[in-house]
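Here is my notebook from a look at how two chains meet.

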Number of protein chains: 2
Amino acid sequence: MQMSVPRWKAALEKALAAHPKETVIQLASIDPSTPVPHVRSLIFRGFVSPTDTPSHPLLLSNTDVRTPKTAQMIANPHVQVVWWINGTQEQYRIAGKAHIVPAPGHGLHKHFVHPVSALSEGQKYDWEAKRLEVFKNMSPVMKASWCRPVPGSRLEGGQDEAKKWPVQIEEPKPGDEEAKRLWDMSLSNFALVIIEPQDVDYVELAPVPNQRTRFWRANGGAWNEEALVP
Amino acid sequence: MQMSVPRWKAALEKALAAHPKETVIQLASIDPSTPVPHVRSLIFRGFVSPTDTPSHPLLLSNTDVRTPKTAQMIANPHVQVVWWINGTQEQYRIAGKAHIVPAPGHGLHKHFVHPVSALSEGQKYDWEAKRLEVFKNMSPVMKASWCRPVPGSRLEGGQDEAKKWPVQIEEPKPGDEEAKRLWDMSLSNFALVIIEPQDVDYVELAPVPNQRTRFWRANGGAWNEEALVP
């Protein structure tokens, strides 16, 4: 039992330091209206430790709030992330709970509960400030992607219509009302996805014999670990 | 509607021809005993069209039959594969049914039903021959991995015990009883995983504007497609 940085996180950070481009993760969730699993690629945007508790890191990603996965994960927050790091031949499978942070005025915002075990009574973390910070760091091309019609809806008007979509969105200069309108639209569709890890399956295929370790967060917040057969 | 090779498959084969190492796929399933999704990386081993019907390609992968996912997918065969091809900036999300092909004598073999829509009455496909063919193409190191204790079980005896595991398994020479014992053990734990695609979400991030297409298999087996907003 330890209350410091969990060993799987230290390993992951070491792998990312050596292979900083390997930030594509796959997030699996369940659509509660069917018995069907869903999985898609997302980009890992970093770790957050809202209470400066190193034993409780949260994974940060983002999405368009209008995609079906936001409502699905609010209805059933149990998710698993798989992260294959080719450069180190390591696989991390991170099971836990997903939390969605939409814009404050968005209809889904009322469902957002601060990751409970991260916060003691009276503690607060400014998730809206974090959402703004992550948004500002997105490329102008990414920002433009959140000004399209609803993702996954039928493409009305075909490619001719799609060619009218904004291609890049920059921070608006004072008085540029059209730029401000697009910026605000993009930001209003931008949501954080927070993954709160509870169980991590870490497989190392580079060493011989291969190694596999299970980590799980106990009541009280410390991480246990056990060596498994790969 | 078309009965020829579906367009998503042609696109995938073109991407793989240009980037033949990008064969890591992620397979999501649901553990029916919990409301929790599972996802892990597998290696794509090729397409099979058991009835020479080009409109009905199956995806082929493999696993150790002793992993929990085999029983989970037999209990709930609804799965989704996500395949991010970095070289082309394409994502394929392939929803469908999973079929597990264990060794003929294995307890789970009775659950194997030939992918129904692939086979008309009276048609047969020799899946055991396919299992053998795929097994023989595996590297000696991979073959050795199926002779360990049960994957995911507690590592008894620690790394000292793990160092006794076979490292490579070659096809046994006549009279080499120990090599034959290992070969047979490995083959007995080797199972095919067949994914029968029913709905494919294909996103292309390289073109501007980005493109997204949904393909789905209609009754009768032909594929429909529709352009979506990415």
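**The interface**

I began with the contact between the chains of this predicted model: chain B and chain A bury about 3700 Å² between them, with 62% of it on carbon and sulfur atoms. Buried area here is the accessible area (1.4 Å probe) that two parts lose on being put together, summed over both. I then looked up which residues lead on the chain B side: Pro37(B), Val39(B) and Val229(B) supply 17% of the area that chain B buries against chain A, more than any other three residues. Counting contacts (heavy atoms within 4.5 Å), I noted 44 residues of chain B against 44 residues of chain A.

I number residues from 1 along each chain as its sequence is written, and letter chains from A and number ligands from 1 in the order in which they are written. Local features need pLDDT of at least 70, side-chain atom pairs count only at pLDDT 80 or more, totals for chains, interfaces and linings use all residues, and side-chain values use heavy atoms, with hydrogens and water left out.

I looked for salt bridges (a side-chain nitrogen of Lys or Arg within 4 Å of a carboxyl oxygen of Asp or Glu) and found two across the interface of chain B and chain A. One that I wrote down joins the side chains of Arg154(B) and Glu226(A), at 2.6 Å from N to O.

E5(B) gives the most, with six residues.

I moved on to strand pairs (at least two DSSP bridges between the strands). Strand E7 (residues 190–204) and strand E8 (residues 211–217) of chain A run antiparallel, joined by six bridges. Val203(A) stands opposite Arg212(A) in E8(A), and the hairpin between E7(A) and E8(A) passes through six residues.

E8(A) also pairs with strand E9 (residues 223–228) of chain A, in the antiparallel sense, over six bridges. There I marked Arg217(A) opposite Trp223(A) in E9(A). The hairpin of E8(A) and E9(A) has five residues between the strands, and Gly220(A) takes a positive phi near 100° in it. I also jotted down that Glu226(A), the salt-bridge partner of Arg154(B), falls in the range of E9(A), residues 223–228.

Conventions
Helix = DSSP H or I, 4+ residues; strand = E, 2+ residues; numbered from the N terminus.
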